[in-house]
Structure formats: C-alpha cells, structure tokens
Amino acid sequence: MAKNNLAYVRTEIVPESPAPDLSKGIIGWVKNNLFSSISNSIMTIVGAMFLMWVLPPIYGFLFGNAVWPGEGVTVEDCRAKGAGACWAYIDDRMTFFIYGFFPKDAYWVTQEGLIASIMTYWRVNLVFAVGTLLLVPLMWPDLKYKLLNSILFFVVYPVFVFFMLTGGVFGLEEVPTVKWGGLTVTLIIGLVGIVVSLPLGIVLALGRQSKMPIIKTFCIMFIEVWRAVPLITVLFMASVMLPLFMPVGMTIDKLLRALVGVSLFSAAYMAEVVRGGLQALPKGQSEAAASLGLNYWKSMGFIILPQALKHVIPGIVNSFIALFKDTSLVAIVGIFDLLRATQVANLNLDWASSNQAITGYVFAAAIFWAFCFGMSRYSIMMEHRLDTGHKN
Amino acid sequence: MTKQTQTAVKKPTEVEENAGVAIEITGMNKWFGDFHVLRDIDLKVMKGERIVIAGPSGSGKSTLIRCINRLEEHQQGHIIVDGTELTSDIKKIDEVRREVGMVFQHFNLFPHLSILENCTLAPIWVRGVPKAEAEETAMHYLERVKIPEQALKYPGQLSGGQQQRVAIARSLCMNPQIMLFDEPTSALDPEMIKEVLDVMVSLAEDGMTMLVVTHEMGFARQVANQVVFMDQGQIVEQNNPEDFFNNPQHARTQEFLSQILH
Ligand SMILES: Nc1ncnc2c1ncn2[C@@H]1O[C@H](COP(=O)(O)OP(=O)(O)OP(=O)(O)O)[C@@H](O)[C@H]1O
Ligand SMILES: [Mg+2]
C-alpha cells in the first residue's frame with residue numbers, strides 16, 4: 001500500500017456527548033410537546049391563559065387568603081372582607097366531621113392535650129387503628145401470612161368493630177347506630193360495600209354462566225333488578241317500605257338496612273364487571289384446566305378467576321370508587337354520613353360566614369377525593385405487579 | 001415437512017402383545033345442534049399404541065379427540081377410557097381426565113403462573129402430591145423436554161416451541177396413561193416444529209399411548225401404529241402407515257394424500 005497521511009479510520013474515540021438541545025432538556029420537551037405545530041401552539045397558549053385566569057383566584061381562596069386555625073383566630077376573621085376558605089371552622093368542627101354524634105368518653109373529654117383528644121373518641125379511633133394495621137399488610141403484596149391476615153380482617157375485624165362501636169358489652173356504653181356519624185359512617189358503608197360486593201358479584205357472575213337453569217335465572221333476575229333501580233330508590237325502599245312489611249314490633253337497624261341495600265346494589269354491578277372478565281378469557285384456559293383434571297371450583301379458583309379478575313381490575317376499582325362516592329346518598333334517608341355531617345356543620349351559627357358552607361363542602365370533597373385517588377393508584381400498582389408479560 | 005430419520009419406535013406387532021384396551025369407542029355419534037359432526041365412530045386403541053388422525057379441515061378430528069376426555073359431550077354410543085365409561089357422571093369424567101393428558105394447538109398454558117407452577121398445579125391440587133415432590137417431578141419433565149432453565153419464567157416470555165414443550169411437560173406431570181395431541185405443531189413456526197416433534201417421538205419410544213391429530217405425515221410414518229383418516233365426521237380408512245401411505249384404499253384418502261404430500 002502506498003504511504004499517505006490520510007487516515008480513513010479514526011484513531012481516537014470521539015467522547016460521548018448528549019444529543020443537541022433541540023430534542024432534549026426542558027426546551028426540547030416544550031418544543032416537542034407544547035409547540036410542535038401551529039394548532040398545538042395555539043392550544044398551549046389558550047390553555048396557559050385559561051390557567052392564569054382560574055388558578056390565582058383558586059389559590060387565593062384555598063391558601064393565600066384562607067383563614068388558618070391558630071391562637072386567637074375567631075369567626076370574625078372568616079367574616080372579614082376578602083377572606084378565603086375558613087379552615088379554622090373545619091379545624092374547630094373536625095371531630096364532628098369524623099365522629100358525628102358518637103358519645104365522648106366521660107373521663108378524657110375533661111382532659112387537655114393531644115392524647116386526651118384522641119382518647120375522647122378512643123372507641124372509634126381504636127377501630128380505625130386496628131383496621132389500618134390489618135389493611136395495610138393485607139394490601140402490601142410481598143408480605144406473608146395473607147391467609148391469617150385475611151381471616152383477621154374479613155372475619156374477626158367486623159365482629160370487633162361491631163362490639164366496639166355498638167357497645168353494651170364489656171362495660172362499654174351502648175351506642176345506637178343513629179349516633180354514629182361522619183367519616184366513620186362513610187368508611188363503614190364504603191368498606192362493607194366493597195368487601196361484600198366483590199365476592200357476591202363474583203358468585204353472581206359465575207351463577208349467571210351456570211348451566212343450571214334455576215341458578216342462572218335467579219342470578220340474571222337479581223342482577224337485572226338491582227341494576228335497573230336507582231340507588232336512591234333502593235335506599236328509600238329499605239328505609240321506608242321495608243318496615244311496612246315487617247311483623248309488628250320487629251325492626252331492623254336503619255344503618256344495617258342501608259348497608260344491605262348498598263352492598264346488594266354494588267354486587268349487581270360488580271357481577272357484570274366480573275362477567276366481562278370471564279368472557280374475555282379464551283376458552284382454551286378452562287379446557288386446559290379441565291384436561292388436567294381440575295374440577296369446576298379448582299379451575300375457577302386457580303385458573304379462571306385470577307386471570308379474569310386481573311383483566312378487570314380497572315373496572316372493579318371503578319365500581320369501588322363509584323360505590324364509595326354513592327355512600328353519600330344515604331344522607332337522604334337520614335343516615336349521618338360525612339356529607340350529611342358537613343351539611344349539618346355548615347348550619348352551625350358559631351361559624352356563620354359567607355364562606356362557611358363552601359369550605360365545608362371543599363373539605364368533604366377533598367376527603368372523598370383522597371380515598372378515591374388512593375384506590376385508583378393502588379389498582380394501577382397492582383396491575384403492574386400482576387403483569388406477567390402475556391397478552392391474550 | 002420435517003424429516004424424521006430414525007425409526008427406533010416400536011411397531012404394531014410388538015405393541016399388541018402387552019394387550020389391554022386403552023380406549024374403546026363404539027357406535028359414537030355427536031351433534032352440534034342440528035349439525036351431525038361425528039357419525040358412527042368405532043375406534044379401538046390398545047395400550048401403548050400410537051394413532052395418528054388425519055383428514056381435511058372440519059372433518060371432526062378435534063371433536064373426536066375432545067370427546068375422549070369429555071371436553072365435548074357425545075350423544076350416542078359408548079366411549080370407554082381405561083375401563084371407565086364416559087357418561088354425565090362428573091366423578092367418572094374427572095377420573096378419566098386425570099389419566100388422559102391433552103396438548104392443544106395453541107398451548108393453553110396458564111399465563112399468570114410460572115412455568116414451574118403450570119407444571120405443579122394439577123399434581124398438587126388434583127393428585128394431592130406434596131409441593132416439593134411435585135416440583136421435583138416437574139423439573140424432571142422440564143429437563144426431559146429440554147427447558148429446565150425456563151422454570152421460573154412466565155409463558156409469555158417463551159417462544160411458541162418452548163411453550164408447546166412446556167404444555168407437554170405439564171401434561172406428563174400428571175403421569176397420564178394416555179396423551180391426546182390436537183395439532184400440536186400447527187401454530188408453530190417451521191423451525192420450531194422439530195423440537196416439539198422430537199419430544200413426541202421420544203414419548204412414543206417410551207411406550208406412551210398417543211392419539212395425535214396432525215398434518216405431519218413424516219411423524220405419522222415414523223411413529224404411528226395406525227393412521228386414521230377422517231372425512232365429514234366419519235372414519236373413512238384406518239390402516240398401518242405403510243399401507244396407508246403407499247396403498248390408500250379409498251378415493252378420498254388418495255385425494256387427501258395427493259394434496260398433502262404434493
Ligand atoms: N362448538 C361448536 N359448535 C358448533 N360447531 C362446531 C363446534 N366446534 C366445531 N364445530 C364444527 O364441527 C366441525 C368439525 O370441527 P373440528 O374442529 O372437529 O374439525 P377438525 O377436523 O379438527 O378441523 P381442523 O383441521 O380445521 O382443526 C366443523 O365443521 C366445525 O365448524
Ligand atoms: Mg382441529
């Protein structure tokens with residue numbers, strides 16, 4: 001080869017360098033996502049203007065001009081011109097929002113301090129604490145002892161809650177359910193609804209596919225009747241009409257009636273969600289299970305339901321969220337849930353001010369939102385965890 | 001068509017000696033609604049025999065073998081599997097299904113379970129085998145189908161050929177007396193067909209009673225004791241592979257063979 005100084009192959013490696021700023025970094029992102037075309041740019045500008053129009057007043061109301069609880073803050077501050085949300089009112093009435101008219105502990109209510117304020121409602125708070133202690137490990141995927149945990153949560157805990165809140169035993173003061181209220185009642189109805197409606201919905205969905213005509217017809221009728229009736233109607237019937245059919249002298253607790261109504265109502269919806277999941281599974285799965293000798297229940301329990309339910313997690317959680325929000329309808333039949341507690345608190349003259357009601361409702365909405373958003377995020381996490389890379 | 005070179009498999013005469021009927025079907029008829037899918041099926045399979053079922057699409061091959069483990073119900077005639085007659089008695093059905101393994105065209109692995117769990121689920125929950133023992137057996141069969149290293153993966157992470165081999169291993173874990181195959185290689189890419197057929201050949205060499213619906217005529221020649229040709233729901237011709245391929249009796253068989261062998 002002839003000698004020359006021209007090198008065709010680099011002798012040095014060019015150092016690594018990031019791609020030009022056009023496609024990376026904040027500027028690149030903005031360019032690609034917000035101003036990628038003329039119409040996109042217009043929408044971005046209009047959107048930004050809209051946000052500039054609505055956000056400052058909202059921020060001002062909720063935070064900037066809001067009246068926060070503190071030393072010497074009174075209702076007069078909330079009545080002042082230009083005052084925003086009256087958080088001091090929420091703070092003052094907090095126990096009412098959470099516990100409704102649940103009786104205070106006679107001893108602790110006379111004491112001062114944080115511990116005393118927790119102990120004042122120790123029965124309800126104990127129920128919350130035990131519930132959280134059982135629910136968190138149950139929902140934590142990697143922890144063991146799920147069976148024991150489930151038994152404690154689904155079997156033992158409801159009994160515990162019942163005796164703890166109702167009282168009348170172990171020297172506990174008896175508290176009729178009409179005195180239960182606020183967030184406590186909302187959580188009870190929501191949780192009972194969720195815990196009852198899913199298994200019941202699964203049973204109904206399986207029944208609907210049954211080859212036995214009686215079971216099938218019963219399930220179809222059950223589902224279609226409950227789905228076709230508005231929840232409010234169900235609640236009215238449960239609270240007003242049901243007693244008419246009862247033998248004289250026999251009553252069923254109003255809250256219990258609402259619990260049953262809400263649970264059965266949601267179960268009908270849940271059944272249809274689950275049925276969707278069952279139908280989406282290829283027939284080959286149950287055939288493979290059958291060919292291995294798995295009987296109907298084992299096939300359902302190990303093969304069909306785990307997959308079907310996984311497919312419809314979004315639908316299931318959607319139903320849970322709808323159910324949790326629908327619990328506020330029980331206010332109409334006089335059950336004292338969070339929304340009803342808010343309404344009643346809003347009438348309180350001690351804090352009467354122009355923003356009292358709206359602050360109360362914003363607070364109630366925020367609580368509902370927090371629970372529903374939590375459920376939504378949890379379901380997304382579970383979907384990712386359960387994904388085994390198979391697309392049917 | 002895949003080349004099958006060795007012919008180490010036992011041939012009919014050897015089989016008949018250890019006698020014992022595995023499957024006996026007599027005068028069986030089946031309808032789908034008004035559609036008469038299977039007509040007057042008579043078929044006797046001895047233990048250790050390997051039957052290949054061939055025939056044009058829609059001729060009822062799948063339906064026939066699905067009747068043998070009662071994935072489909074027949075309306076007339078008798079099916080006796082390993083001495084147990086299939087009726088609507090669920091106990092009897094479960095009994096038969098425990099003894100009869102099935103491999104499907106589309107594998108039908110359980111996508112939410114790992115390969116190992118796919119293989120141990122039925123032994124543990126149907127046969128009551130302890131978990132450790134079931135896993136040992138599963139690993140044994142996974143080694144046999146040459147994919148022990150995939151045991152902890154999920155079906156969605158495996159190729160088609162690998163999935164089908166797992167499906168075979170999963171069936172074998174139940175220690176079945178009879179294996180049914182419904183076009184086990186039809187959904188596979190050509191380069192994966194051989195790995196599955198090899199597993200099936202080695203099963204045959206071990207004396208497994210097999211009913212195989214397939215278009216792999218090389219496999220039929222090499223492994224089958226009997227080739228059954230079906231058309232329009234009937235068994236048209238049944239013969240040993242030698243005569244079946246070289247000297248087909250029936251016009252429809254001749255036509256079918258000329259199409260499939262080019
Ligand atoms: N569940 C069913 N309901 C009604 N008809 C059916 C059903 N399954 C199969 N058939 C019909 O029965 C006939 C035989 O079907 P089968 O699947 O047994 O054929 P095959 O020989 O396996 O065909 P292929 O080679 O295409 O798999 C076909 O005409 C098919 O359309
Ligand atoms: Mg077929």
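Predicted model: local features only at pLDDT ≥ 70, side-chain atom pairs only at ≥ 80, totals over all residues.

Me: Why is B:Q162 called buried?

Reply: Its relative accessibility is 18%. Buried means under 20%, so B:Q162 counts as buried. B:Q162 lies in helix 6 of chain B, residues 160–172. Leaving aside residues up to four places away in sequence, B:Q162 touches B:I147, B:Q150 and B:E195.

Me: What makes A:F96 and A:F101 an edge-to-face pair?

Reply: Two values decide. The centres are 5.1 Å apart, and rings pair within 6.5 Å. The planes stand at 75°, and over 60 degrees counts as edge-to-face. Over all chains, the search finds 25 aromatic pairs.

Me: How do you know whether A:F96 and A:F101 are buried or partly exposed?

Reply: A:F96 has a relative accessible area of 14%. The limit for buried is under 20%, so A:F96 is buried. A:F101 has 45%.

Me: Why is the pair of A:F153 and A:Y157 called stacked?

Reply: The ring centres are 5.6 Å apart, against a limit of 6.5 Å. The planes are at 10°, and stacked means under 30 degrees. The pair is therefore stacked. A:F153 and A:Y157 both lie in helix 7 of chain A, residues 146–166. They are four residues apart, about one turn of the helix. A:F153 and A:Y157 are both buried.

Me: Which residues do ring pairs link into a cluster?

Reply: A:Y59, A:F63, A:W68 and A:W87.

Me: What makes B:R170 a charge over the ring of B:F110?

Reply: The charged end of B:R170 is 4.5 Å from the ring centre. The distance limit is 6 Å, and the charge must also lie within 35 degrees of the ring normal. The charged end of B:R170 is assigned as sitting over the ring of B:F110. B:R221 sits over the ring of B:F245, with its charged end 4.5 Å from the centre.

Me: Which residues touch the most other members of the largest nonpolar core?

Reply: B:I23, B:I25, B:I53, B:V81 and B:L211, in a core of 126 residues. Helix 11 of chain A, residues 254–280, gives the largest share, 12 residues.

How values were computed:
Residues numbered from 1 in each chain as written. Chains lettered and ligands numbered in written order. Heavy atoms only, no water. Helix = DSSP H or I, 4+ residues; strand = E, 2+ residues; numbered from the N terminus. Buried < 20%, exposed > 50% of the residue type's maximum accessible area, 1.4 Å probe, protein only. Contact = heavy atoms within 4.5 Å. Phe/Tyr/Trp six-rings, centres within 6.5 Å; stacked < 30°, edge-to-face > 60°. Core = buried A, V, L, I, M, F, W, Y, C linked by side-chain atoms within 4.5 Å.
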